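User: Hi! I'm new to this one and would like to look at its aromatic rings. Can you walk me through them?
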Amino acid sequence: MPSPNSSGPGALPRLIFYAAALVMALLHVFVTFRGLSSAEGMNQAQLARQISRTGSYQTLVTQPYAWAQMEKAHRQPSPAAMPETVQPPLQPLLWSAVFRLLQPWQVFDPQAGGAIYLLDRVIASFGVAWYLMTIFFTHGAARRLFDEHVAGIAALALLVCEPAWELMVSGSPRTLLLPLFALAFRLYASASCRAAENRGASAPLVLLGGVCALLVLTHWMALWIVLGIIIGVAVFLPRGKAGAIVVALFPLLALVAWGWWNMQLCGEPLVGILSLFQ
């Protein structure tokens, strides 16, 4: 396995690369951005605004399946204060923390603020920041597993991938999945290298479990990604079964906590996951 300290590009090429990445990010936020394009992102954006205004996890978008679950559990939902039981919580909660600081600008005024809603541009800024983190984590994992040249090619491929940049400013929760998965891959690579060197891999596996918990709280379909990571740990790492249990514990606890929350609201712990099949 190549050493992570293998020779590679000097400081100047790296500086040029990171400068180019920053320029690309600024262009996609302040020049080419034309508003959110993801329906799911728009839904989560209004949920984040509601959280920042009311301090409660409520939505103004009432989904028939969620309403039916409320009535089935003999709750009395109100369209003006409908508890959110379908959307994963992580991304709206992150957005709402910043939206709370921008309360004076939450009312859209095209004459004063231009044609693009300021909070939508904030969401786009989140997206490009996640993508820069994705490039960084992917480069680190590839450098750890291979060498600087392979890592540089991987990072360059991500930098020039225009569909990925467009996704990152769409508001879709998949924008947050990318850096989380890249970080999970980086931690998996670290655990694999430490195990090959007969060093303890407990710390990266615990961190990997925490990242897997964040994955399932970002998008319910990330359960399949987390399952693949757990299988990879169990099959390919020394003492993998014990490691897989450590990794699986964190997303399991996150899902149990979210299921308990939904049980209090609508009597159905898996309402968010089941809604994907409606």
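Analyst: Happy to! Rings of Phe, Tyr and Trp (its six-membered ring) count as a pair if their centres lie within 6.5 Å. Keep in mind that this is a predicted model. One aromatic cluster is formed by Tyr57, Trp220 and Trp258.

User: Nice. How many aromatic pairs are there in the whole structure?
Analyst: A search of the whole structure gives 6 aromatic pairs. One of them joins Phe17 and Tyr18: the ring centres are 5.6 Å apart and the planes meet at 75°, so this pair is edge-to-face.

User: And is Phe17 buried or exposed?
Analyst: Phe17 counts as buried, because its relative accessibility is 17% and the cut-off for buried is under 20%. Tyr18, at 41%, is partly exposed.

User: How are the rings of Tyr131 and Trp165 arranged?
Analyst: Tyr131 and Trp165 make an edge-to-face pair, with 4.8 Å from centre to centre and 70° between the planes. Tyr131 belongs to helix H6 and Trp165 to helix H8 (residues 162-168), so their pairing ties together parts that lie 34 residues apart in sequence. Both Tyr131 and Trp165 are buried.

User: Let's switch topic. Where is Thr134?
Analyst: Thr134 sits in helix H6, which covers residues 118-145.

User: Buried or exposed, that Thr134?
Analyst: Thr134 is buried, since its relative accessibility is 4%.

User: So what is Thr134 in contact with, leaving aside neighbours within four places in sequence?
Analyst: With those neighbours set aside, Thr134 is in contact with Leu158, Leu178, Pro179 and Ala182.

Terms used:
Residues are numbered from 1 along each chain as its sequence is written. This is a predicted model: local features need pLDDT of at least 70, side-chain atom pairs count only at pLDDT 80 or more; totals for chains, interfaces and linings use all residues. Side-chain values use heavy atoms; hydrogens and water are left out. Helices (H or I, at least four residues) and strands (E, at least two) are DSSP runs, numbered from the N terminus. Buried means under 20% relative accessible area, exposed over 50%, partly exposed in between (1.4 Å probe, protein chains only). Contact means heavy atoms within 4.5 Å. Rings of Phe, Tyr and Trp (its six-membered ring) pair if their centres lie within 6.5 Å; planes under 30 degrees apart count as stacked, over 60 as edge-to-face and the rest as tilted.
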